[in-house]
Amino acid sequence: PYMVQAVLTTEDGGFYRHRGFLPSQFRVALRRNLSAGQIELGASTITMQMVKNVLLSHERTLSRKAQEMFLTWYVEQVLTKDRIMEIYLNGIEYGPGLYGITHAAAKYFGKHPVDLTPPEAVYLALMLPSPVRRHVHYCKGALSPNFEVKVQRILKIMNERGRLTDLEYEVWKDTPIEVDL
């Protein structure tokens, strides 16, 4: 449960309210990409990321983005939001060659996803934008001070948005993350 809340906080806070697209962010990304002559900004929702990671290649072209948009629309028509989230969490990369929340929870913390603490869930959610690069924290056995600040900031945001109760926040806000080496 904490993993879903962490991902909603870091990746797509409106996931359960929108229909797969954020038109305002898409317009900004389209303008930026067209002026740059390449894809620099994706404006991807969780559904779009799931489609990209599970159904499409990782090439960054306008034609692949068009396919992503069509498939996102289709997926939003035929699957529930909970099923989309489940596929997303079980199909994305959490480190070099490490796919799916079950494998990530076992690798990084030696536990099942349901047993992740809020800080551990935030750690994994923060890996998602750049899982190979952020894998270095695991390799070093500890978080950098900057990454620790990010974890604390996300925990606070989760509490402010009602994704962690005040009691949960107080219990977990200062708990250090210990990876399972």
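Reader: What is the handedness of the crossing of helix 7 and helix 10?

Author: In this predicted model, helix 7 and helix 10 cross in a right-handed way.

Reader: And at what angle do helix 7 and helix 10 pack, and how far apart are their axes?

Author: Helix 7, which covers residues 118-127, packs with helix 10, residues 145-160, at an angle of about 115°, and their axes are 9 Å apart. Angles of 65 to 115 degrees count as roughly perpendicular, so helix 7 is roughly perpendicular to helix 10.

Reader: Which residues make the contact?

Author: From helix 7 there are Pro118, Pro119, Val122, Tyr123 and Leu126, while helix 10 contributes Phe147, Lys150, Val151, Ile154, Leu155 and Met158. Sorted by class, the contact of helix 7 with helix 10 has 10 nonpolar residues, no polar ones and 1 charged residue.

Reader: Okay, new topic: where is arginine 134, and is it buried or exposed?

Author: Arginine 134 lies in helix 8, residues 131-134, and it counts as buried because its relative accessibility is 11%, where buried means under 20%.

Reader: Which residues is arginine 134 in contact with, leaving aside its neighbours within four places in sequence?

Author: With those neighbours set aside, arginine 134 is in contact with Leu126, Met127, Pro129, Phe147 and Lys150.

Reader: What about helix 3, which of its residues are buried and what do they pack against?

Author: In helix 3, residues 46-55, the buried residues are Ile46, Thr47, Met48, Gln49, Met50 and Val51, and they pack against helix 1 (2-10), helix 4 (62-78) and helix 5 (81-91).

Technical notes:
Residues are numbered from 1 along each chain as its sequence is written. This is a predicted model: local features need pLDDT of at least 70, side-chain atom pairs count only at pLDDT 80 or more; totals for chains, interfaces and linings use all residues. Side-chain values use heavy atoms; hydrogens and water are left out. Axes are lines fitted to C-alpha atoms, for helices over the stretch in contact, and angles run from 0 to 180 degrees between N-to-C directions. Helices (H or I, at least four residues) and strands (E, at least two) are DSSP runs, numbered from the N terminus. Angles under 35 degrees count as roughly parallel, over 145 as roughly antiparallel, 65 to 115 as roughly perpendicular and the rest as oblique. A crossing is left-handed if the near helix is turned anticlockwise from the far one by less than a right angle, and right-handed if clockwise. Contact means heavy atoms within 4.5 Å. Ala, Val, Leu, Ile, Met, Phe, Trp, Tyr, Cys and Pro count as nonpolar, Asp, Glu, Lys and Arg as charged, and the others, Gly among them, as polar. Buried means under 20% relative accessible area, exposed over 50%, partly exposed in between (1.4 Å probe, protein chains only).
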